[in-house]
Amino acid sequence: MLGTPLEQTLRTGELPARPSAMAVSAALDSAMCCIPLIIAVAIGIAGSLNSTRIVLAGVAVSLAAMLALTCVRARTGSSAGHALFGLRTIAATTGLPAWPFLTPGSRVTLDSRNGADPLHLKPRASAQNGHSPPVEIPRRRQAHLQLHLDDGSALPIPGVVAVGRDARALGTIPRIPSLAIMDFNRTLDAIHAIIEPVPNGIRLHAVSRRHPTHCAVEGQVQRVEPGHAVEVALAVPFWLGDRRFAVHEIVPTRRGWAVAR
């Protein structure tokens with residue numbers, strides 16, 4: 001097993017960013033935040049009648065720019081400097097952008113221009129529950145998948161989808177549809193898991209480190225660690241936080257759509 005956090009985070013096709021690009025990106029972002037303050041100080045030194053107010057305004061604008069940069073970096077993993085070099089910063093533990101002081105573990109910066117972008121999920125083959133690959137089972141014609149919730153509601157699964165509580169946070173993942181689910185107990189994280197349809201079931205990618213992800217394997221409830229994935233068969237329950245889910249296949253009938261038996 002790879003040892004360093006960076007080596008554990010890298011997936012196929014992902015490249016670490018060059019230190020020089022990271023340094024220039026940081027310098028550019030810092031300069032953009034400091035420019036208002038530098039201009040205000042220069043005006044103050046020139047002896048303006050309202051120099052104190054101008055300097056205070058420059059400080060306020062610089063602080064606002066720093067806050068905006070932090071928010072953008074936490075939600076998208078990018079910034080003005082990062083966009084110039086095609087960089088993206090993610091948390092080593094989740095593989096997603098995160099707040100620098102609120103997410104445990106280290107963060108890594110990747111070169112998404114010359115390598116794979118960590119936010120563009122690409123399905124890949126993997127062993128089922130650590131054993132032999134799943135057998136390709138022909139699916140029913142015109143069949144669709146539905147995510148059934150513990151409150152009796154059901155949501156369509158059009159393909160690879162991100163599941164969580166916060167629609168705004170889910171919207172930061174590009175090119176992946178999202179399913180925002182209301183959870184008053186807040187045991188469902190803002191971005192909790194990613195569901196990837198596979199033959200005869202789904203592949204459940206655990207993302208949240210704050211709240212657990214469980215699934216039923218051979219009659220036993222097992223935890224899925226963040227950053228790992230497990231294949232879950234149709235109609236087999238799994239849990240995101242305290243919420244219970246199951247994926248069912250629905251097929252057309254004379255009376256409409258119904259759960260496949």
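Mentor: Asp151 forms a salt bridge with Arg243, their closest N and O atoms lying 3.8 Å apart. This is a predicted model, in which local features need pLDDT of at least 70 and side-chain atom pairs count only at pLDDT 80 or more, while totals for chains, interfaces and linings use all residues. Residues are numbered from 1 along each chain as its sequence is written, and side-chain values use heavy atoms, with hydrogens and water left out.

Trainee: What makes the contact of Asp151 with Arg243 a salt bridge?

Mentor: The term requires a side-chain nitrogen of Lys or Arg within 4 Å of a carboxyl oxygen of Asp or Glu, and the closest N and O atoms of Asp151 and Arg243 are 3.8 Å apart, so the pair qualifies.

Trainee: Why is Asp151 called exposed, and why is Arg243 called buried?

Mentor: Buried means under 20% relative accessible area, exposed over 50%, and partly exposed in between (1.4 Å probe, protein chains only). Asp151 has 52% and is therefore exposed, whereas Arg243 has 11% and is therefore buried.

Trainee: Why is Leu28 called partly exposed?

Mentor: Leu28 has 30% relative accessibility, so it counts as partly exposed.
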